[in-house]
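Dear colleague,

I am handing over the structure below, together with some notes on its aromatic rings. Please read them with the model open beside you.

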Amino acid sequence: MDLRQTKLAGERAKAALKIAALAITLALAACSSKDDLDDLALNETPPEVLYNEGLALRAQGKLGPASKKFEELDKLYPYSEYAKKSLVNMAYLNFSRGKYTEAITAAQRFLTLYPGNEDAAYALYIIGQSYFRQMPDITRDQATTEKAASAFNELIQRYPDSEYTPDAEAKLRAASDQLAGKEMQVGRFYLKKRNYIAAINRFKTVVINYQTTRHVEEALFRLTEGYYSLGVVNEAQTAAAVLGHNFPDTQWYKDAYSLLNKGGYEPSEDSGSWISKAFRGINVL
């Protein structure tokens, strides 16, 4: 056998070994999958027993095993009344264990399958709480904060009398304050760069969407500053006037008044301005 033939024979042997190894891997995977299915198929434990076992484990503080028990019930009896209760328990247990993604998934699945169920408010609360626990600091993207606010707001709107609503309202205020703070941070950055239009748009968002947060006072001052820098004196005067009317004793109003006064102007509200309309509860978008 020459060198070329020897090389070809070696390559064929290697290929044969790879095929054999792949076949063994697939066979083992199939056996494992079959074993899992067989285990489920052989498990004839009634759903109520599985559910009570899960509750017992939960009461003992064994949250991981309890969660697995509810998952097992959900797989074996997906359309049973106990599977419905298991989903709520899975959401709670995952939340308690800090597995927020899994908690959100279980709660959202519950809401999709049983939107009118009495536990729907609790499922929304779990979703809001899970996002709330993951809110980043103000320097980072606030998509998670927005999702927390959305879930809490939906809970408040749909279930105003729920026992979870008071806490949802408190956490919605905290989330809204953070969202407003982010807008202010970006707005100040643009203002410093003298990109006044971009800055004004950020402060406008705070005034319209987050009017009840602590940031609205500064937002009105920054609007005064931004409009004045652009030479749009009428809007600058209106922002200062609205600031003075709603927050007359703040340093922000004193600074706004001083800024206008240096140019020979005073705060003066234009009732047709979007700023004035926003504080009268008129939709300006």
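Trp252, at 27%, counts as partly exposed.

Please bear in mind that this is a predicted model, in which local features need pLDDT of at least 70 and side-chain atom pairs count only at pLDDT 80 or more, while totals for chains, interfaces and linings use all residues. Residues are numbered from 1 along each chain as its sequence is written, and side-chain values use heavy atoms, with hydrogens and water left out.

Rings of Phe, Tyr and Trp (its six-membered ring) are paired if their centres lie within 6.5 Å, and planes under 30 degrees apart count as stacked, over 60 as edge-to-face and the rest as tilted. The count by this rule is 11 aromatic pairs. One of them joins Phe95 and Tyr100, a tilted pair with 5.7 Å centre to centre and 55 degrees between the planes; both Phe95 and Tyr100 are buried. Phe221 and Trp252 are also paired, and because their centres are 5.5 Å apart and their planes at 35 degrees, this pair is tilted.

Tyr51, Phe70 and Tyr82 make up one aromatic cluster.

Finally, a charge sits over a ring if NZ of Lys or CZ of Arg is within 6 Å of the ring centre and within 35 degrees of the ring normal. Lys171 lies over the face of Phe132 at 5.6 Å from the ring centre, and Lys204 over that of Trp274 at 5.0 Å.

With kind regards

Note on methods:
Buried means under 20% relative accessible area, exposed over 50%, partly exposed in between (1.4 Å probe, protein chains only).
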